[in-house]
Amino acid sequence: MVRFSIEPTRTALLLIDLQRVFVEGAPWAAPDGLAVAKRLARLAGICREHHITVIHTVHVVRADGSNTGVMREIVPLIADGLIDESSPLAELHPLADFRSEDILIRKPRFGAFHGTDLELILRTAQIDTLLIGGIATHVCCDTTAREATARDFKVLFLSDGTACFSLPGTGTGPVGADDLQRAVLATLAFGFGEVLSVDSAIHRIRNGST
């Protein structure tokens, strides 16, 4: 498995969709959402201490449905307004611990690059390495990691700084959150970047990139 350097001035922590709807108390909330949010808040604090840029994303759409596109057909809960930009459930969870010096990206699709100025922000700051955490591993985090690799960013994906929710599955029956998590992590480690724990990332930030 690849091992990337973590150079603070060239690295950003990208926190994907730590919104109320995904962290707790909603149909798409990950069972491990609260634990993941707490780990990421700790990591974000350490990143700020070491001058690593912290970027939050929120997945929101217009309340009038004008930019939901085919998503509203594929995912009925989007059509029902679950992530409307005016919905309280779409707000960042308090555990996300957003700070004034952080950057906020509002994204209309699963990936953080599509329809946003994220790449412009990163290129302008000469950032080429991304620590990716958030919810959900198998949807927005995975999509963002793949988009980043396709743009030649170095991806370090946080194994316990991401979490899945279960899926109903198809003819084979439901698929649990743990099984989905393992499958996504294995796939990303195979072809899209480095997979590491939050503690490993913290150790490397505090003690140098190696």
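**Sheet, helix packing and pocket in a predicted model**

Strand β1 (residues 11–16) and strand β4 (residues 129–135) run parallel and are joined by six bridges. Within this pairing, L14 has I132 of β4 as its bridge partner. Strands here are DSSP runs of E with at least two residues, helices are runs of H or I with at least four, and both are numbered from the N terminus; two strands pair if DSSP finds at least two bridges between them. The model is a predicted one, in which local features need pLDDT of at least 70 and side-chain atom pairs count only at pLDDT 80 or more, whereas totals for chains, interfaces and linings use all residues. Residues are numbered from 1 along each chain as its sequence is written, and side-chain values use heavy atoms, with hydrogens and water left out.

Stepping back to the whole sheet, six strands form an open arrangement in the order β3-β2-β1-β4-β5-β8, with parallel pairing. The edges are taken by β3 (103–107) and β8 (194–196), each with a single partner strand, so one side of each is left without a neighbour in the sheet. From one strand to the next, the twist averages 25°. Helix α2 (residues 33–49) packs on this sheet and touches β1, β2 (53–59), β4 and β5 (154–163), its direction making about 140° with that of β5. Angles run from 0 to 180 degrees between N-to-C directions, and axes are lines fitted to C-alpha atoms, for helices over the stretch in contact; contact means heavy atoms within 4.5 Å.

Helix α2 also packs with helix α8 (residues 198–207), at an angle of about 10° and with the axes 10 Å apart. On the α2 side the contact is made by R39, R42, L43, I46 and C47, and on the α8 side by V198, D199, I202, I205 and R206. These residues divide into six nonpolar, no polar and four charged, where Ala, Val, Leu, Ile, Met, Phe, Trp, Tyr, Cys and Pro count as nonpolar, Asp, Glu, Lys and Arg as charged, and the others, Gly among them, as polar.

Residues T137, H138, D142, A145 and R146 of α6 meet L180, Q181, V184, T187 and L188 of α7. This contact comprises four nonpolar, four polar and two charged residues.

Helix α6 and β6 (167–170) each supply at least two residues of the lining of the largest pocket. Of the 15 lining residues, W28, V75, V139, F165 and L167 are the closest to the pocket centre. The lining divides into 13 nonpolar, two polar and no charged residues.

Two backbone details complete the picture. The peptide bond from I135 to A136 is cis, with omega near 5°, and A136 lies in the loop between β4 and α6. In the loop between α2 and β2, H51 has a positive phi, near 60°, in a residue other than glycine. Most residues other than glycine have a negative phi, and most peptide bonds are trans.

Note on methods
1 Å grid on protein atoms, 1.4 Å probe; cavity = no way out; pocket = protein on both sides within 12 Å on 5 of 7 lines; lining within 4 Å.
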